[in-house]
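Please read them with the structure open.

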Amino acid sequence: MRRKVIAGNWKMNKTPTETKAFVEELKAVASGKDNCDIVICVPFVDLQAALEGTKGTKIKVGAQNVHFAPSGAYTGEVSAAMLVDLGVEYVVIGHSERRQYFGETDETVNARVKAALEAGLKVILCIGELEKERDQGITAEILGKQTKVDLLGVTAEQMKNVIIAYEPVWAIGTGKTATNEQADEACGIVRDVVASLYGKDVADKAIVQYGGSMNAKNAADLLKCENVDGGLIGGASLKAPDFGVIIDAAQ
Ligand code: PGA
C-alpha cells in the first residue's frame, strides 16, 4: 500500500506575507490528517516563511526549481546546497511550464534531478504529453522517453527520493482534467517504465502522482485510481479550504 502524497505547486503566486497567513490556514485544515504526506512547493522567496510557519508540523516545504551546478556564474539561479541549507526537503523539477517557457529539456531536467538527489533533496519530477502527442497516439512513447532520459544515472536507491508527477500538459491550468481512466492508465505506464529500469520492487513502491486541474470536486475519484498515488495541484492548492478537501480525499 503506497502512501499518498498531496503536493501544492503555487507557481508564481503569493508573497512571503501571504505565505505566512496561508500556512496558518493550512495548518488548521491539515491538522490530524495523518494518512497522507503534504507538501507545499512555493516560490524561492517564500521558502523561509513557509519553513518557519510549518516548523513542528507534518507539512513539508519544496522549491519549484533548482540549478544543476553546485555553484558559480549562473545569475538568478539557486543551487541544491542552498535549498538544503535553508531546510527545504523537496523540489519540483521539469514542470511543463519550465519546459515551455524557460527552455528546459530532458537533458537539463536530468542534470537537475541528479544534482538535487546528490544534495539530499526529494524530487518531484514532472512529465507529461502535449495534447497533440495524445492525439497522435504517442503518449506512452513520450512518457517512456521522458522518464528514461530524466532519470538517467539515477540509482535504484535514489529512486526512494523520487516522486514522478504525471501531468498531461493539456490539463494544466485549463480546467480540463484527464478522466480517471486516462490518469490511471498513464500513471500505470510510468510505473511500467520504472519497472523496466529498476525492477518491480522499486516500481511497486514508486509514488506516481497525477497533476492537471485536480480540484476539490474531482480529487476523490482520481485518488481512488490504483496507480494514482497523490496529486500535484496548482490552482486548487492556493486556497486552503480547497486544498484541505483534496487532503481529506487522500485519507
Ligand atoms: P493546475 O496545475 O492544478 O492549476 O492545473 C497543476 C500543475 O501545474 O502542477
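1. Start with the second largest pocket. β6 (162-166) and α9 (200-205) each supply at least two residues of its lining. The largest share, three residues, comes from α9. Keep in mind that this is a predicted model.

2. The second largest pocket has a volume of about 330 Å³. Its lining counts 16 residues. Nearest the centre lie Met 159, Lys 160, Asn 161, Lys 205 and Ile 207. By class, the lining holds nine nonpolar, one polar and six charged residues.

3. Now the largest pocket. Of the 16 residues lining it, Lys 11, Met 12, Gln 64, Arg 98 and Phe 102 are the closest to its centre. Helix α4 (residues 96-101) gives the most to this lining, with three residues.

4. Which classes of residue make up the lining of the largest pocket? Nine are nonpolar, four polar and three charged.

5. On the overall fold: the protein has 11 helices and eight strands. Its C-alpha atoms fill a box of roughly 45 × 45 × 35 Å along the principal axes. The radius of gyration is 17 Å, which agrees with the value near 18 Å for a compact globule, because that is what 251 residues would give.

6. Among contacts with a separation of 6 or more, 72% join residues 24 or more positions apart. The protein exposes about 11,300 Å², and carbon and sulfur atoms supply 53% of that area.

Definitions and conventions: Residues numbered from 1 in each chain as written. Predicted model: local features only at pLDDT ≥ 70, side-chain atom pairs only at ≥ 80, totals over all residues. Heavy atoms only, no water. 1 Å grid on protein atoms, 1.4 Å probe; cavity = no way out; pocket = protein on both sides within 12 Å on 5 of 7 lines; lining within 4 Å. Helix = DSSP H or I, 4+ residues; strand = E, 2+ residues; numbered from the N terminus. Nonpolar A, V, L, I, M, F, W, Y, C, P; charged D, E, K, R; others polar. Points joined across faces, edges and corners; volume = space filled by probe spheres on them. Rg over C-alpha atoms; globule rule 2.2 N^0.38 Å. Contact = heavy atoms within 4.5 Å. Areas by Shrake-Rupley, 256 points an atom, 1.4 Å probe, with all protein chains shown as cover.
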